[in-house]
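Please read it alongside the sequence and the model.

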Amino acid sequence: MLEIRRLILLRELAIRGTLAAVAEALNFTPSAVSQQLSQLERETGTVLLRKAGRRVQLTPQAEVLVASVGEVLDTLERAEARLQAAATRVTGTVRVAVFQSAALAFMPAALRATAARFPDVRVEMVQREPEEALRETWARDFDMVIAEQYPAHAAPHHPGLDRRDLTTDAIRLALPAEAESLHPVDSLDSARQMPWVMEPRGAASRHFAEQLCRRAGFEPDVRYETADLQAHIRLVESGNAVALIPDLVWAGRQTSCRLLELAGAPRRTIFTAQRLSGAESPAARAFREILEQTVY
């Protein structure tokens, strides 16, 4: 019988790409990972890895094993969830990946409610960018993700993830308070001469913002880049930039910014996703329900 721990290492290599990345994720040394995979090759009597420059590639036989390992892990996760469901109390740990504005707007109340109603449930939260977090949830680094999707920019879909929409929020043009007198702005087009702050390239929000400006007939002057939307707000409030900011960012705070409605009233979708194989986990189900109640 094949050793499941070695099979998991092979699957991790398929997901993460390098022996070093697998070692870092699982707290092994690269040489230990290599030795375990060599042992797996001896057990199977099959070549599983081949050299490709400084990296290794999985053979077709290895890919067959990786697909089977995913099925085994799904079965084990479902079995664990059913065992937990048979208990008289809701217990367990839920590892949640969440992006910044959702962490600020939703998580404090959801965590308080979970602690009050389910004291034996432990929720662990890590801030992650949505696209990265979705992949990591599929890869089993997290049990659940709170992610976002911008208009005309579909979030990545990974097999075996159950997605449920949580809410939507409007995206508006945020202007410094003095912009109305110094640079009269009544539309996106009239902000073409102003400096902008946006998230780094590759972010869904950056792609959305740039495309919106281009459809309005101009290339935005992006002078400032940061993934921190709180920094976006400070730059706008201080008169240094304009930005496209979703309404969720304003939750629980006042601002001096002037907020301008955009043509077509674009809205961002915020959703949760978790593996279907973990859907029966009482702890995860309880936290997801509380999160939905907190939002609504």
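The crossing of helices α6 and α11 is right-handed, where a crossing counts as right-handed if the near helix is turned clockwise from the far one by less than a right angle, and as left-handed if anticlockwise. The model is a predicted one, in which local features need pLDDT of at least 70 and side-chain atom pairs count only at pLDDT 80 or more, while totals for chains, interfaces and linings use all residues. Residues are numbered from 1 along each chain as its sequence is written, and side-chain values use heavy atoms, with hydrogens and water left out.

| Helix pair | Angle | Axis separation |
|---|---|---|
| α6 (residues 107-117) and α11 (residues 282-295) | about 130° | 9 Å |
| α1 (residues 4-16) and α3 (residues 30-44) | about 115° | 9 Å |
| α1 and α4 (residues 60-85) | about 110° | 9 Å |

Angles under 35 degrees count as roughly parallel, over 145 as roughly antiparallel, 65 to 115 as roughly perpendicular and the rest as oblique; α6 and α11 are therefore oblique to each other. Their contact (heavy atoms within 4.5 Å) is made by M107, A109, A110, L111, A113, T114 and R117 of α6 together with F287, I290, L291, Q293 and T294 of α11. By class, it has 8 nonpolar, 3 polar and 1 charged residues, with Ala, Val, Leu, Ile, Met, Phe, Trp, Tyr, Cys and Pro taken as nonpolar, Asp, Glu, Lys and Arg as charged, and the others, Gly among them, as polar.

Helix α1 crosses α3 in a left-handed sense, and R6, L7, L9, L10 and L13 of α1 make the contact with Q36, L37, Q39, L40 and E43 of α3. That contact has 6 nonpolar, 2 polar and 2 charged residues. The crossing of α1 with α4 is left-handed; here I4, L7, I8, L10, R11 and A14 in α1 meet A62, L65, V66, V69, G70, V72 and L73 in α4, a contact that divides into 11 nonpolar, 1 polar and 1 charged residues.

In an unreviewed UniProt entry, the feature "domain: HTH lysR-type" is placed at residues 2-59, although such annotations may be inferred rather than shown by experiment. The end C-alpha atoms of this span, residues 2-59, lie 18 Å apart, and the span is 62% helix and 14% strand.

How values were computed
Axes fitted to C-alpha atoms, helices over the stretch in contact; angles between N-to-C directions. Helix = DSSP H or I, 4+ residues; strand = E, 2+ residues; numbered from the N terminus.
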